[in-house]
Structure formats: structure tokens, C-alpha cells
Amino acid sequence: MDLVEVNPMAKPPVCKIMDYGKFKYEEKKRASEAKKKQVVVHLKEVKLRPKTEEHDYEFKVRNVRRFLEEGNKAKVTIMFRGREITHKELGSAILDDVIKDLKDVAVVEQMPRMEGRQMFMIIAPNPKVAQRARELARQQAAAAEKAEAAGKPAAGGSVGGKKPGDAPGEGIPAVEASVAQAVPVAPAAQSGGAK
């Protein structure tokens with residue numbers, strides 16, 4: 001047992017007799033629980049070029065949309081190489097298209113600006129999308145906490161590639177399933193090999 005000063009600013013100072021090691025352990029545990037429940041916002045980056053083709057542009061915009069729906073911020077960068085730097089209007093046109101395509105889920109946090117040979121802007125999820133992401137994160141944390149208390153794997157976890165509700169053959173990764181269907185086994189291979 002230790003004599004621990006709890007509140008040194010009080011008149012007279014407040015002291016308590018306790019096991020100090022246990023107290024520090026419980027404080028650390030409480031801090032880690034609080035950290036587990038907090039939502040961390042990451043800044044994800046997507047790089048484009050002035051000559052980026054339409055399909056690649058759409059693919060990257062879909063990724064930015066996914067980042068925003070997860071509650072993260074996104075940095076969209078246009079990289080200029082060689083003489084492309086003389087046509088900055090192409091880069092700003094691409095960034096304007098990104099803003100138009102994502103206006104339903106995003107707000108521009110930092111307007112497009114040049115830094116060396118790169119033009120970039122930062123977009124964040126709009127308040128509705130950010131709130132939805134926080135709610136989802138809280139639900140997942142609660143489900144993980146329940147599962148941990150029950151001694152089972154967390155919700156959404158899978159065993160052997162299968163989820164609990166999958167029908168037979170559904171939990172197989174798509175590549176393995178397509179290979180298994182596309183490669184017929186030759187009769188000679190089945191009987192033990194060619195002679």
C-alpha cells in the first residue's frame with residue numbers, strides 16, 4: 001500500500017492510501033479503451049496527371065468517394081512532368097471535374113494550389129457523410145467489444161474465407177473459383193499420369 005497525493009491544489013492537500021501499481025495499470029487500461037473508441041481521420045492521397053484517361057480518372061474518383069464515405073479526408077494531386085507545367089489549366093480543369101463528381105459527398109477543405117510541379121487540393125466528407133462514418137465506426141467498435149466479451153471473433157470476421165451466412169461455394173475467393181471452373185482435368189492426369 002502506498003500513500004498517494006490525489007489533489008495537491010486543495011487546501012489541505014488530499015492523499016489516499018492505495019496500491020499505486022494497480023492504480024497506474026487501471027489508468028492505462030481506461031486510456032486504451034478511450035483510444036479504441038475514438039475515430040481517427042486519415043489523409044489519403046490520389047495522384048493524377050493532365051493526360052489521365054477517362055477510365056483511370058473514374059477509377060480514382062471512385063476510390064476518393066470510398067475514402068470520404070469511410071470518414072477520411074482525401075488529397076487529390078495533379079503531377080506535371082516536363083512541358084506539361086505550361087498548361088496548368090488542364091490540371092485545374094481535372095480538379096474542377098473531381099469537385100463536380102463528388103459534390104454530393106465532399107466539401108473542398110483547401111482550394112487547388114500549386115506547389116512546385118504539383119497542383120493539389122484537399123477535400124473532406126460533408127457533415128452528413130462524416131456523421132454516418134462515425135456512427136458506423138461506433139457500431140463496429142461496440143460489436144467488437146461484445147464479441148470480445150463473449151470470446152468470439154469480431155463481427156464481419158470470417159473463418160477460412162467464409163462468412164457465417166454464406167451459401168456453399170460462396171466464401172471461395174473469385175480467382176480460385178474461376179480457376180477451378182476454367183481448368184478441366186484431363187483424363188490421363190486423373191488415372192495417374194501419361195504413359
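These legends walk through a few close-up views of a predicted model. Residues are numbered from 1 along each chain as its sequence is written, and side-chain values use heavy atoms, with hydrogens and water left out. Because this is a predicted model, local features need pLDDT of at least 70 and side-chain atom pairs count only at pLDDT 80 or more, while totals for chains, interfaces and linings use all residues.

View 1. Helix α2 covers residues 54-69. Tyr57, Val61, Asn63, Val64, Phe67 and Leu68 of α2 are buried. Seen down the axis of α2, these buried residues fall within an arc of 155°, so they line one face of the helix; the arc is that of the directions from the helix axis to the C-beta atoms. (Buried means under 20% relative accessible area, exposed over 50%, and partly exposed in between, with a 1.4 Å probe and protein chains only.) Their cover includes β3 (43-48), β4 (73-79), α3 (88-101), β5 (106-115), β6 (118-125) and α4 (127-150). Just after α2, Gly71 takes a positive phi of about 95°.

**View 2. The open sheet.** Here 4 strands line up in the order β3-β4-β6-β5, with mixed pairing. (Two strands pair if DSSP finds at least two bridges between them.) β3 and β5 stand at the edges with a single partner strand each, so one side of each has no neighbour in the sheet. On average, neighbouring strands are turned by 20° against each other, direction ignored. β5 and β6 run antiparallel over 7 bridges, and Val108 stands opposite Ile123 in β6. Helix α2 packs on the sheet, touching β3, β4, β5 and β6, and its direction makes about 170° with that of β3. (Contact means heavy atoms within 4.5 Å; axes are lines fitted to C-alpha atoms, for helices over the stretch in contact, and angles run from 0 to 180 degrees between N-to-C directions.)

**View 3. Salt bridges up close.** The structure holds 8 salt bridges, each a side-chain nitrogen of Lys or Arg within 4 Å of a carboxyl oxygen of Asp or Glu. One of them joins Arg49 and Glu84, with the closest N and O atoms 2.5 Å apart. That pair links distant parts of the chain, 35 residues apart: Arg49 sits in the loop between β3 and α2, Glu84 in the loop between β4 and α3. Arg49 is partly exposed at 22% relative accessibility, whereas Glu84 is buried at 12%. Another joins Glu109 and Lys73 at 3.1 Å, linking strand β5 to strand β4 across 36 residues. Glu109 is partly exposed at 46%, and so is Lys73 at 27%.

**View 4. Helix α4.** The 24 residues of α4 should span 34 Å at 1.5 Å a residue, and the end C-alpha atoms are 35 Å apart, which agrees. Val129, Ala130, Ala133 and Ala147 are buried in α4. The buried residues of α4 pack against α2 and β6. Just after α4, Gly151 takes a positive phi of about 85°.

Methods:
Helices (H or I, at least four residues) and strands (E, at least two) are DSSP runs, numbered from the N terminus. The expected span of a helix is 1.5 Å times one less than its number of residues.
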